Amino acid sequence: MKEFAFSRICILMMSWLVLASCSKTEIKKPLEYEGPMREAENIEMFYTENDRVKVKMQAALLYEFQNGDQEFPKGIYLEFYDENGKLESKLSANHAYFFKEQDQWRGQGNVQVDNVATDEHLSTEELFWKRSSKKIFTDKFVTIRQPGEVIYGDGLDAEQDLSDYEIINPRGQTKIDD
């Protein structure tokens, strides 16, 4: 009786081993890393043309990706200079992203643009800047404050220094008495 029970146990164990060895082992595909390739903190960069500073950029944190895109998750501050080195305008945003393939920037979250010479101020939640054309644009709600008036609307196409702009869908304007 004991031998019968022992042989049954052996047969069950052998069957289990055979079944276990026949099962397919699943080979998992390795995960490809898609995060930043480089990280930098407290950066200050300058873009120049003909040996003259055109743009000064400051950021607390920069992520650079394999495809050349850059992300500024803690915000960005930019200063734009004219051909004589005089400050024209300033831009700040809570978050920014540079799309290398399109050579285009996107600022998000409390985006502020100031034209220093004309005392004009733009605020919006998202703004794009095309460096090659020196244009800024958005389809989001914008507010432009000028001396004596405030203009509201949805969408904007403008020069990067706000010297010329068009609000796509104006909502109104308010005169401000000094």
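Q: How much space lies in the largest pocket?

A: Rolling a probe the size of a water molecule over the atoms shows where empty space is left. On a 1 Å grid over the protein atoms alone, a pocket is an open set of points with protein on both sides within 12 Å along at least five of seven lines, whereas a cavity is a set where a 1.4 Å probe fits but cannot get out; lining residues have an atom within 4 Å of a point. Points are joined across faces, edges and corners, and a volume is the space filled by probe spheres set on them. Here the largest pocket holds about 260 Å³. It is lined by 16 residues, of which Glu49, Lys54, Val55, Lys134 and Gln160 are the closest to its centre.

Q: On what kind of model do these values rest, and how are residues numbered?

A: The model is predicted: local features need pLDDT of at least 70 and side-chain atom pairs count only at pLDDT 80 or more, while totals for chains, interfaces and linings use all residues. Residues are numbered from 1 along each chain as its sequence is written, and side-chain values use heavy atoms, with hydrogens and water left out.

Q: Which strands supply the lining of the largest pocket, and what is its make-up by class?

A: Strands are DSSP runs (E, at least two residues), as are helices (H or I, at least four), numbered from the N terminus. Strand E1 (38-49), strand E2 (52-64) and E4 each supply at least two lining residues, and E1 gives the most, with three. By class, the lining has nine charged, five nonpolar and two polar residues. In this scheme Asp, Glu, Lys and Arg are charged; Ala, Val, Leu, Ile, Met, Phe, Trp, Tyr, Cys and Pro are nonpolar; the others, Gly among them, are polar.

Q: How many cavities are counted, and which residues line the largest cavity?

A: The count is one cavity of 30 Å³ or more, and the largest cavity has a volume of about 90 Å³. Its lining includes Ile76, Leu78, Trp105, Leu127, Phe128 and Trp129, together with Arg106 and Gly107. Strand E4 (76-81), strand E7 (104-115) and E8 each give two or more residues to this lining. Its classes are eight nonpolar, one polar and one charged.

Q: How many salt bridges does the structure hold?

A: A salt bridge is a side-chain nitrogen of Lys or Arg within 4 Å of a carboxyl oxygen of Asp or Glu. The structure holds six. One of them joins Lys140 and Glu126 at 4.0 Å, N to O. Lys140 lies in strand E9 (residues 135-146) and Glu126 in strand E8 (residues 120-130), so the pair ties together parts 14 residues apart in sequence.

Q: Are the two partners buried or exposed?

A: Buried means under 20% relative accessible area, exposed over 50%, and partly exposed in between (1.4 Å probe, protein chains only). Glu126 is buried at 13%, and Lys140 is partly exposed at 36%.

Q: Which residue forms a salt bridge with Lys135, and which with Arg171?

A: Glu159 pairs with Lys135, their closest N and O atoms being 2.6 Å apart. Glu159 lies in strand E10 (residues 149-159) and Lys135 in strand E9, so this pair ties together parts 24 residues apart in sequence. Both are partly exposed, Glu159 at 24% and Lys135 at 34%. Asp154 pairs with Arg171, with closest N and O atoms 2.9 Å apart. Asp154 in strand E10 and Arg171 in strand E11 (residues 165-175) are 17 residues apart. Arg171 is exposed, at 56% relative accessibility.
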